[in-house]
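Me: Hi! I'm new to this one and would like a friendly walk through it. Could you take a look with me?

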Amino acid sequence: MGSRGRGRGGGLSFTHEQLQSFGINRGENTATTLAPPPLFPKLEAKPLPLNCDAATDYMVIVKDQFIEYLHESPAYVKPNTRTDGIERYSDKYKQLALDAKRGKVLDCVWENMPAELRPQANRIRITSRKRKLDDANVLSKKLQTLEKKETLDENNATENKDENTVKKENENEDDEELEDEEEQEYEIDEGTDYANNYFDNGEDYDEEDDNLDDGPVY
Amino acid sequence: MSHQLGRVVSEILHQYFGEIVQKVGHDLFIYGTKPIPMIVKTTGLPRKQVVDSLRTLVKFDLVSFEPSFNEVVADYKLNPDNVLLLIRYPRYLLQIKTKFGSEAEILVEELLQQASCTASFLLVTVAAKYKDDKKKNITLVKLRDVFISIATARYIQQAPVADKSEVPSLEPVATIVPDIDIRQLAQAIATDTLADVSDNIYWKVNFDRFHQDFRDDIMVKAITRRIDENAGELMHLLLQNMYLTSAEWAAESNPTPVLDLRDAVDRADRTDCDRNLLQQYMDHYLRVLEENGAGFVVRVGEAGGGQYVVRGRDAATQLLLAALDHTVTERLGSKAARIFRLIRTKKYIEEDDIQKHAMLPNKECKELTYKLLEEHFISIQPMRKAASSGAMAKAVYLYHIKLHDVAQSLREMCYRALHNTLRRAQHTRAAHARLLDKQRRVRTIVHTMRVRGEPQQHIDDVEETLTPPELSTLKDVEARLKQLSAAQLALDKNLFILNWYFMYPH
């Protein structure tokens with residue numbers, strides 16, 4: 001309705017007057033270029049020269065020194081050496097130089113690092129946490145309290161047989177308490193197991209798993 | 001967290017720490033926070049290398065961590081802003097050198113290299129390093145004094161302290177200037193038992209303090225260029241007063257009474273300005289500073305002979321505008337800059353009015369306006385007219401400048417330029433790696449020969465292994481690398497102003 005049938009583009013095309021108001025005259029908008037723009041377009045204006053005073057010189061030198069220091073230090077993580085299969089005379093010396101550097105560990109404040117980044121993280125981790133129920137005394141105490149609770153419940157049951165509803169609520173609460181305790185213990189145990197398992201350092205991640213999972217095929 | 005920022009950060013990490021750290025850092029930049037196994041999975045690197053990279057990144061405070069849901073493993077997160085600071089390290093050193101001398105520079109350099117270390121370790125290593133250097137004549141006592149003075153001036157601070165858990169959370173602590181026993185340190189050097197004297201207080205460089213210095217320098221320099229040295233000195237004193245009364249980065253400082261300022265002028269002894277002139281005409285200078293000082297300083301009250309406020313936020317905005325004007329001039333020419341300034345002064349302006357006021361031919365004016373629009377320097381706001389008017393004038397288009405957005409796009413430009421220079425330097429270095437390596441080797445050999453005192457002829461022989469064509473290429477390469485480094489430093493200066501502007505909420 002709105003587009004008075006002029007052109008297929010609907011409202012997208014401009015009228016002659018509109019084009020003129022953009023500064024495009026008749027015949028000027030036909031210059032379509034099909035070639036992609038150049039990868040490195042020519043600079044229209046030469047950039048201003050950088051000021052090169054003594055301060056800049058100093059900063060450039062300091063920067064290079066800092067980078068050089070970092071490259072020599074263990075902070076610069078080197079890739080494993082790739083060989084192209086050709087044995088060279090200089091290989092031995094290169095290897096020696098590499099080994100000398102590789103042995104070094106970055107000098108950090110290890111307390112400020114997460115445990116998994118500290119050296120020998122795996123060995124530190126083997127700490128057995130005592131299970132609560134291993135101790136015989138604690139176990140017997142626990143059992144006694146449970147027994148007491150049971151007898152109490154029974155007493156309650158014989159005394160007020162009529163008020164079934166109230167008693168049931170009580171029982172429910174007790175049950176819940178018991179369940180809660182059990183759940184807590186369960187959770188703690190789960191926690192240690194989980195942590196221990198997790199800290200298998202993952203190096204042999206996809207070496208054996210695949211074979212185990214598949215099982216025999218008949 | 002833009003695409004350009006990611007590219008810059010990745011390139012910087014490559015230049016400073018190598019390919020593997022770059023991979024890990026880039027992975028963290030893309031995904032946000034991640035635990036180690038995830039990094040191992042996405043980067044495809046062996047776990048040991050990922051751990052090594054993370055150690056490096058955490059050590060230099062480029063990556064932070066927090067316990068994940070499991071509490072014994074950590075989630076790592078890259079701090080791109082800190083990575084960008086690596087470019088600024090030379091500037092910190094220059095600043096501390098001009099302010100505190102070369103001992104301070106050596107101390108801060110060592111501290112930057114170590115990222116964080118104890119005071120005794122720092123002093124002992126520096127002393128040991130320069131023990132044989134008779135020229136500099138560095139003694140332990142001098143180092144100790146310098147250390148205490150830069151600690152008092154807060155250029156270095158105590159590193160945050162960790163609690164004893166699997167994934168420690170770092171708590172910042174207040175810096176206490178230590179009492180260092182020189183005799184103990186001297187003994188430690190003599191007997192080589194450093195472990196006995198080291199305590200558990202770690203130090204690191206306080207970048208924020210340096211940034212405050214940079215800001216002050218920029219403001220003082222701006223006023224000096226605009227008015228004169230005395231006004232610059234007055235600005236300096238106002239800023240110093242600001243430190244006493246308000247927060248460092250406050251958008252507006254607490255008011256400073258003129259009387260305080262007069263006291264400060266009387267006390268100040270700077271050689272580069274005429275003190276008598278400043279004392280005599282301080283009121284005039286303050287008036288000029290207020291009226292013609294780009295809004296850095298305003299008078300807010302009459303109490304105590306007049307009260308003045310330093311406006312950090314306005315200063316940042318003014319500097320940003322100056323930087324923008326400059327960028328437009330350099331990119332699109334002075335005529336485009338005229339249009340840009342016109343739109344800024346008029347706030348909202350129609351296209352026809354631009355043409356009228358800018359006094360440019362119709363076509364050229366439109367072309368430049370569209371170019372400005374295309375490069376995101378200006379924005380357009382359509383205003384619908386009432387439906388009754390004809391099809392011709394459907395809407396009015398008002399041109400205006402959204403300063404925040406323009407600042408963002410300028411920052412993107414800086415990132416892109418920084419990335420390009422880094423990339424280009426990297427390419428040049430890789431292309432001439434063999435030659436540069438050879439040069440380095442020749443230099444070390446010549447150096448050791450000099451130390452050993454071998455005859456000049458042998459040294460010449462070694463030096464001649466670099467042929468004249470090689471030498472000329474090396475000269476070219478070095479000049480280009482130096483130019484690129486200088487460009488990086490200049491870009492970083494621009495980024496500093498931009499970040500200062502973004503520091504205040506808009």
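**A chat about rings, charges and contacts**

Reply: Happy to! One aromatic cluster is formed by A:Phe66, B:Tyr16, B:Phe17, B:Phe60, B:Tyr89, B:Tyr92, B:Phe100, B:Tyr155, B:Phe207, B:Phe210, B:Phe214 and B:Phe496. Please keep in mind that this is a predicted model.

Me: How many aromatic pairs does the structure hold over all chains?

Reply: There are 16 aromatic pairs over all chains. One of them joins B:Tyr89 and B:Tyr92, which are tilted, with 6.1 Å centre to centre and 45° between the planes.

Me: Where do B:Tyr89 and B:Tyr92 lie?

Reply: Both are in helix α6 of chain B, which covers residues 89-100. They are three residues apart, about one turn of the helix.

Me: Are B:Tyr89 and B:Tyr92 buried or exposed?

Reply: B:Tyr89 counts as buried because its relative accessibility is 6%, and the cut-off for buried is under 20%. B:Tyr92 is buried too, with a relative accessible area of 0%.

Me: What kind of aromatic pair do B:Phe214 and B:Phe496 form?

Reply: That pair is edge-to-face, with 5.8 Å centre to centre and 85° between the planes. B:Phe214 belongs to helix α12 (residues 207-226) of chain B and B:Phe496 to helix α24 (residues 468-503) of chain B, so the pair ties together parts that are 282 residues apart in sequence.

Me: Nice. And what is the relative accessibility of B:Phe214 and of B:Phe496?

Reply: B:Phe214 has 3% and counts as buried. B:Phe496 has 4% and also counts as buried.

Me: Let's stay in helix α12. Which residues does B:Val220 touch, leaving out those up to four places away in sequence?

Reply: B:Val220, which is placed in helix α12 of chain B, touches B:Gly232, B:Met235, B:His236 and B:Leu239. B:Val220 is buried, with a relative accessible area of 14%.

Me: How far apart are the C-alpha atoms of B:Val220 and B:Ala231?

Reply: They are separated by 8.4 Å, and the two residues are 11 residues apart along the chain.

Me: New topic: which ring does the charged end of B:Lys34 sit over?

Reply: The ring of B:Tyr31, at 4.0 Å from its centre. In another case, the charged end of B:Arg215 sits over the ring of B:Trp249, 4.8 Å from its centre.

Me: And how many disulfides are there over all chains?

Reply: The count comes to zero. As for cysteines, B:Cys117 counts as buried at 6% relative accessibility, and B:Cys414 counts as buried at 4%.

Me: Now the two chains. How many residues does each give to the contact?

Reply: Chain B gives 64 residues and chain A gives 53 residues. Between them the chains bury about 5,300 Å², and 60% of that is on carbon and sulfur atoms.

Me: Why give an area for an interface?

Reply: Because the size of an interface is often given as the accessible area lost when the parts come together.

Me: What is the count of salt bridges between chain B and chain A?

Reply: The count is one salt bridge. A:Asp57 forms a salt bridge with B:Lys482, and the closest N and O atoms are 2.9 Å apart.

Me: Last one: how many helices and strands does chain B have?

Reply: Chain B has 24 helices and 13 strands. Of its 506 residues, 48% count as buried. Among contacts in chain B between residues at least 6 apart in sequence, 65% join residues at least 24 apart.

Terms used: Residues numbered from 1 in each chain as written. Chains lettered and ligands numbered in written order. Predicted model: local features only at pLDDT ≥ 70, side-chain atom pairs only at ≥ 80, totals over all residues. Heavy atoms only, no water. Phe/Tyr/Trp six-rings, centres within 6.5 Å; stacked < 30°, edge-to-face > 60°. Helix = DSSP H or I, 4+ residues; strand = E, 2+ residues; numbered from the N terminus. Buried < 20%, exposed > 50% of the residue type's maximum accessible area, 1.4 Å probe, protein only. Lys NZ or Arg CZ within 6 Å of the ring centre and 35° of its normal. Disulfide = S-S within 2.5 Å. Contact = heavy atoms within 4.5 Å. Buried area = accessible area lost by both parts, 1.4 Å probe. Salt bridge = Lys/Arg side-chain N within 4 Å of Asp/Glu carboxyl O.
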